[in-house]
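Biologist: Could you go through this model with me? I have a few quick questions.
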Amino acid sequence: MTIDIHYADAPLGHEIRGIDLSQPISDDVFAEIEAAYDRYGVVLFRGQNLTPDQQIAFSKRFGKLTQYVVDRYNMRTHPEIFVVSNVLKEGKATGLADAGRYWHTDMWVTANPPRGSILYAIEVPVDNGVPKGDTYFASTAAAYDALPDDLRQRIEGRTAVFSSEAYFKARMARTPKDPVTGDYTDSVKERMQQRPKEVFQQHPMVKVHPRTGRKSIYYAEEAIDHVVGLSPEESMALLDEVRRHILQPQFIYRHVWAVGDMVMWDNISCIHKATGDFDLPLHRTMHRTTLASLVAA
Ligand code: OGA
Ligand code: MN
């Protein structure tokens, strides 16, 4: 059998049709799914109806799973599932509402970030018939291939220093202030004070995919403090150039969600971003499983 791939008008974001992921999948079909995932970086399935156990079982076909760094939003009965949700229950968060409204790879704060993530839509916000909460994906592999020689030479072999504090500051700059006091609300101030100590993590600006050998640009918006060996101004200028190069429309796929969609992304060959263009009372709930790094820790 050859799987039926419906290609997106982008290097990534292709839909695999005709597969019910709640059922056992033969090794042959699975090998084709994995090959498509490795090759394109983002593949997706629609119209699925999966229990947490079924999502975990499918995810485990790819190998070991890993758990999200903060365990507060891991499903209690199924800790392999990380809940992305804006829904409150008795006033309390049922999941992480903001799972990344900036271009990022998952868990860049770790030395060996996950291989990838698998996000399954349980509730999708719809406003006047228009689905909200789209997720964008950009192929950093296609962007690498298309690098102008000059920019390629300037990033190849370079190391970027990611910082939890750089990310936090950028996030604060996007957090609205109280219109009356002109300051952050008490709960935001509390969060600021309670944030963990700054964590630095180095990553090469170009990563080689351990399965495909293909090179990709490793980048996250607003999370990089500086590039090793460059002045702050040179770092900023280089990162800005990299950002503008990657975020060209020809490298980007925008996923408009429907309940039952399952999108899986490779955490090296692409970056992604949540739009977050919705609010309560609209509900958005996703279940995420995370594939462990292919690189030994
Ligand atoms: C994530 C993530 C994006 C979204 O779960 O890692 O970035 O649109 N999610 O929920
Ligand atoms: Mn993410």
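Biologist: Which strands does helix 5 lie across, and at about what angle does helix 5 run to strand 12?
Modeller: Keeping in mind that this is a predicted model, helix 5, which covers residues 164–174, lies across strand 12 and strand 16, and runs at about 60° to strand 12.
Biologist: OK, and how many bridges join strand 12 to strand 16?
Modeller: Three bridges join strand 16 to strand 12, which is made up of residues 159–163, and the two strands run antiparallel; within this pairing, Val-161 stands opposite His-226 of strand 16.
Biologist: In what order do the strands of that sheet come?
Modeller: The sheet is open and has three strands in the order 13-12-16, with antiparallel pairing. Strand 13 (200–204) and strand 16 (224–227) each have a single partner strand and stand at the edges, so one side of each is left without a neighbour in the sheet. On average, and ignoring direction, neighbouring strands here are turned by 25° against each other.
Biologist: Which residues of its lining lie nearest the centre?
Modeller: Of the 18 residues that line the largest cavity, Val-84, Ala-99, Leu-119, Ala-274 and Arg-284 lie nearest its centre, and the lining as a whole divides into eight nonpolar, five polar and five charged residues.
Biologist: And which strand gives the most to that lining?
Modeller: Strand 19 does, with three residues; strand 5 (82–85) and strand 19 (270–274) each supply at least two.

How values were computed: Residues numbered from 1 in each chain as written. Chains lettered and ligands numbered in written order. Predicted model: local features only at pLDDT ≥ 70, side-chain atom pairs only at ≥ 80, totals over all residues. Heavy atoms only, no water. Pairing = 2+ DSSP bridges. Helix = DSSP H or I, 4+ residues; strand = E, 2+ residues; numbered from the N terminus. Axes fitted to C-alpha atoms, helices over the stretch in contact; angles between N-to-C directions. Contact = heavy atoms within 4.5 Å. 1 Å grid on protein atoms, 1.4 Å probe; cavity = no way out; pocket = protein on both sides within 12 Å on 5 of 7 lines; lining within 4 Å. Nonpolar A, V, L, I, M, F, W, Y, C, P; charged D, E, K, R; others polar.
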